Protein chains: 2
Amino acid sequence: MTHSLDRTDPLAPLRDRFALPDGVIYLDGNSLGPLPRATPAAVADAVERQWGERLIRGWNEGWIDAPVRLGGKLAPLLGAGAHEVIVGDSTSANLFKALVAALRVSPERRTIVSEAGNFPTDLHIAEGAVACVPGARLHVVPCDEVAAALGPDTAVLLLTHVHYKTARRWNMAALTAAAHEAGALMLWDLSHSVGAVPLDLDGAGVDLAVGCGYKYLNGGPGAPAFLYVAQRWQDRLASPLSGWMGHAEPFAFADAYHPAPGMKRWLAGTPPVLGMAALEVALDLWAQTDIAAAWVKAQALWTILADAGTAAGLECVTPADPAERGSHISFRHPQAHAIVQALIARGVIGDFRAPDIARFGLTPLYLSHAEVERAGAILHEVIATEAWRAPEYQNRQAVT
Amino acid sequence: MTHSLDRTDPLAPLRDRFALPDGVIYLDGNSLGPLPRATPAAVADAVERQWGERLIRGWNEGWIDAPVRLGGKLAPLLGAGAHEVIVGDSTSANLFKALVAALRVSPERRTIVSEAGNFPTDLHIAEGAVACVPGARLHVVPCDEVAAALGPDTAVLLLTHVHYKTARRWNMAALTAAAHEAGALMLWDLSHSVGAVPLDLDGAGVDLAVGCGYKYLNGGPGAPAFLYVAQRWQDRLASPLSGWMGHAEPFAFADAYHPAPGMKRWLAGTPPVLGMAALEVALDLWAQTDIAAAWVKAQALWTILADAGTAAGLECVTPADPAERGSHISFRHPQAHAIVQALIARGVIGDFRAPDIARFGLTPLYLSHAEVERAGAILHEVIATEAWRAPEYQNRQAVT
């Protein structure tokens, strides 16, 4: 099967940079990006040469600078300066650091505003953060009440830019401006945005952002996450997780904590070298990729699957306007779990999000238009024949 | 060169389980343990098969359970139940979780007591923790005043079991009892103990413990760390880093946080799969190793190097009594940095700790008595000839 758009696709050569198993159409790169072909050798080098042969000397030969180096490599994808991004810890831990820091900016502002149905760890961590600042509270409202919920008590507005379930995308510039108009900071969770849609954090005047390395970035399972702090905040905010790697002089071994200048103060413990090695390969691949071109292709892929799903009678819960969505698509169906299972059995890997969402990532680096068309045809067939009714697809199992 | 003790060393066969470079005597396994020979294949499997071929399905095929599974494998080395240990995050992050939780046990108890000169991240993180609990403070005293500093306001006594610089070891049972007598919890940092000396956390009645995976455990650079919470505290303490992986039902995607039962509540973000894969190999190797026998051999290795250093006229700052020390040895010398550089140039890798400590790990899994004897001879020669005076050794550079 061929597709006319594949013949002129400027990103088509990137497909060979990924090791995808035969017989699989992988529509779950928004949950776990696939393996870049260069990663095994890079990780093996980190294990066998850097660790095995260089041993402790590895720290002076690239490991200790990895959080800053990888932050600099990621920055262009965020529309950020290289000195505004650091890589390390998990998205959850970075969220905690950023939220507690934001709550401490002004004693008059004690509220985190966020959206009901936000990705769970955002709200869970926000609960943990407000418990760490006297008088702080978390105010969770439906998405259409977010702007109105901002007020003189708001310390920070916490939103996930692209919704994990629906792919609905907030207007970053508008919401950031609304937060600032209310005197609050703006913190974006970019886990479902980075590597999917073009971002311009500096241009939008964003204060803080976090996101994960293992989805569209293709950094590997449980890859280190990232944190963005706008230049203008870097001297004024500090990390509640004040570990030695964020110290101004970590190897002076002083008793008292003095935060490092710049982004290094957001580090806590020793960097996870093997995870960093895998993520760096992925960032180097992104450095050769035009995110604007990727987003153009993602829209075409999205339309192919949207048309197929709609033709099959599925309810699409993702906004049709590309300006209002990210790079995945979600259909609602009471049997969404069984449908996803039936698709996996047919080589089309998507995922299920409780209670009734079948979710598919349209990732332009390694998917062809023909593949997505084929996935759409299989989806149509699964729905039309009610193949999902087979007993083997009715067994519920959690997939992240 | 041979050494009589090597002929009857029951641990000698373990040497072949490690990939150590030729021409190196590695006395820095207390800072970064060397590469087990089985690790490259295990990491390659995690990268190429689990991630590359199984993709998102990896989460249901071992990844999601890794923190609990590895905790169970580590538990015997700690003298803990398998259900009392979890692996994940950094030592710093785990310290933060445990300290904040301990400070929240009783509103009448608001003080963390710790030791001046403790490993920096312990004190730095304690600073961060007290800032997260109203009225809390950090009380740092010299080591001989620790017991007297405990009082009705003490929430938790935080000590590092084996000192990173001097290798001095606290009496775990006695200090834990002293903390309990004062009505406080006891939190041990075991980073320089685990895999070095036999531990019995349950037997000593310890409440909380943390430690790192990349020193004596040989889990790799920046390996995931661990957290121990005694069974009796597991329902009463909760993590301030309340991320989704610690939720009772992470895949129900609920807005409100409800901590998981048992140790899972201490998880925050997505587990670092590659780092876990490397650490698991190391823990499996430890499962075949008798820690009591390792400690017996470590003492013999220690004596060989202590005798050589003392004969060279060096001041040993590590206690001679094995009950009062861990498995490394430290010498004080105003030219300690240059001495360590001169030794590295001669194939003996130790490390420097500011301002004047030369530090050497005696790690019995992969060091022979003959090697340590040879290292002692080289140390003696470097001191006797003042080889450290060469200009190339006077260039200061940080080594972790």
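**Notes on a predicted two-chain model**

1. Start with helix H10 of chain B, residues 291-311. H10(B) lies across S11, strand S12 (328-332) and S15 of chain B. H10(B) runs at about 10 degrees to S12(B). Keep in mind that this model is predicted.

2. Now the sheet itself. S11, S12, S15 and S14 of chain B form an open sheet of 4 strands, in the order S11-S12-S15-S14. The pairing is antiparallel. Strand S11 (315-316) and strand S14 (351-353) of chain B are the edge strands, and each pairs on one side only.

3. Look at one pair in that sheet. S14(B) and strand S15 (residues 357-361) of chain B run antiparallel, joined by 3 bridges. Asp351(B) stands opposite Arg359(B) in S15(B).

4. Next, helix H7 of chain B, residues 172-181. Which of its residues are buried? They are Met172(B), Leu175(B), Thr176(B) and Ala179(B). These residues lie on the same side of H7(B), because they cover an arc of only 100 degrees around the axis. In general, an α-helix has 3.6 residues a turn, so residues three or four places apart point the same way.

5. The face of H7(B) turned away from the buried side carries exposed Ala174(B) and Glu181(B). The cover over the buried residues of H7(B) includes strand S7 (154-160), strand S8 (185-189) and helix H8 (201-204) of chain B. After H7(B) comes Gly183(B), with a positive phi near 85 degrees.

6. Finally, the two chains together. Chain A has 74 residues in contact with 75 residues of chain B. On the chain A side, 45 are nonpolar, 22 polar and 7 charged.

Technical notes
Residues numbered from 1 in each chain as written. Chains lettered and ligands numbered in written order. Predicted model: local features only at pLDDT ≥ 70, side-chain atom pairs only at ≥ 80, totals over all residues. Contact = placed C-beta atoms within 7 Å. Nonpolar A, V, L, I, M, F, W, Y, C, P; charged D, E, K, R; others polar. Pairing = 2+ DSSP bridges. Helix = DSSP H or I, 4+ residues; strand = E, 2+ residues; numbered from the N terminus. Axes fitted to C-alpha atoms, helices over the stretch in contact; angles between N-to-C directions. Buried ≥ 20, exposed ≤ 12 C-beta atoms within 10 Å, placed from the backbone. Arc of directions from axis to C-beta.
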